[in-house]
Amino acid sequence: QVQLVESVGGLVQPGGSLRLSCTASGSIFSINAMGWYRQAPGKERKLVALITRDGITNCADSVQGRFTISRDNAKNTVDLYMNNLKPKDTAVYYCAADIKARSSYYVNRYWGQGTQVTVSS
């Protein structure tokens, strides 16, 4: 019922920029934190950036100063603006959101389908 859909990633050269977007839809009562994680081959999924409903952000040290996260509460969307991309940023990027569905007592973590971002020359 509740679904997170991500935009398509892509191939970008080192130093380039890319924007990812994610839209939550379905029978949603409320959304708390939204954000992005990434997973490189052979490694665990790690936090990239999170943002609360009130706009408080938390970014990983590895992307601090290069990535910016934002959200639109009216549209149930979260964006990740990636600048000065580096090969180490290559990974599958997953949207995440803590959502209380209208049919649920609990807040659950929902995940997007994942999208590949490759940084290479």
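Predicted model: local features only at pLDDT ≥ 70, side-chain atom pairs only at ≥ 80, totals over all residues.
**The disulfide**

- The structure holds 1 disulfide, which is formed by Cys-22 and Cys-95 with their sulfur atoms 2.1 Å apart.
- Because Cys-22 lies in strand 3 (residues 18–25) and Cys-95 in strand 9 (residues 91–101), the pair ties together parts of the chain that are 73 residues apart in sequence.
- The link between Cys-22 and Cys-95 is left-handed, with -85° about the S-S bond, and both of these cysteines are buried.

**Fold and dimensions**

- The secondary structure of the protein chain amounts to 11 strands and 0 helices, so that the pattern read along the sequence is β-β-β-β-β-β-β-β-β-β-β.
- The radius of gyration of the protein chain is 14 Å, which agrees with the value near 14 Å that a compact globule of 121 residues would have.
- Taken along the principal axes, the box filled by the C-alpha atoms is roughly 45 × 25 × 20 Å.

- Of the 121 residues in the protein chain, 43% count as buried, and of the contacts between residues at least 6 apart in sequence, 58% join residues at least 24 apart.
- The accessible surface of the protein chain comes to about 6,700 Å², with 47% of this belonging to carbon and sulfur atoms.

How values were computed. Residues numbered from 1 in each chain as written. Heavy atoms only, no water. Disulfide = S-S within 2.5 Å. Helix = DSSP H or I, 4+ residues; strand = E, 2+ residues; numbered from the N terminus. Buried < 20%, exposed > 50% of the residue type's maximum accessible area, 1.4 Å probe, protein only. Rg over C-alpha atoms; globule rule 2.2 N^0.38 Å. Contact = heavy atoms within 4.5 Å. Areas by Shrake-Rupley, 256 points an atom, 1.4 Å probe, with all protein chains shown as cover.
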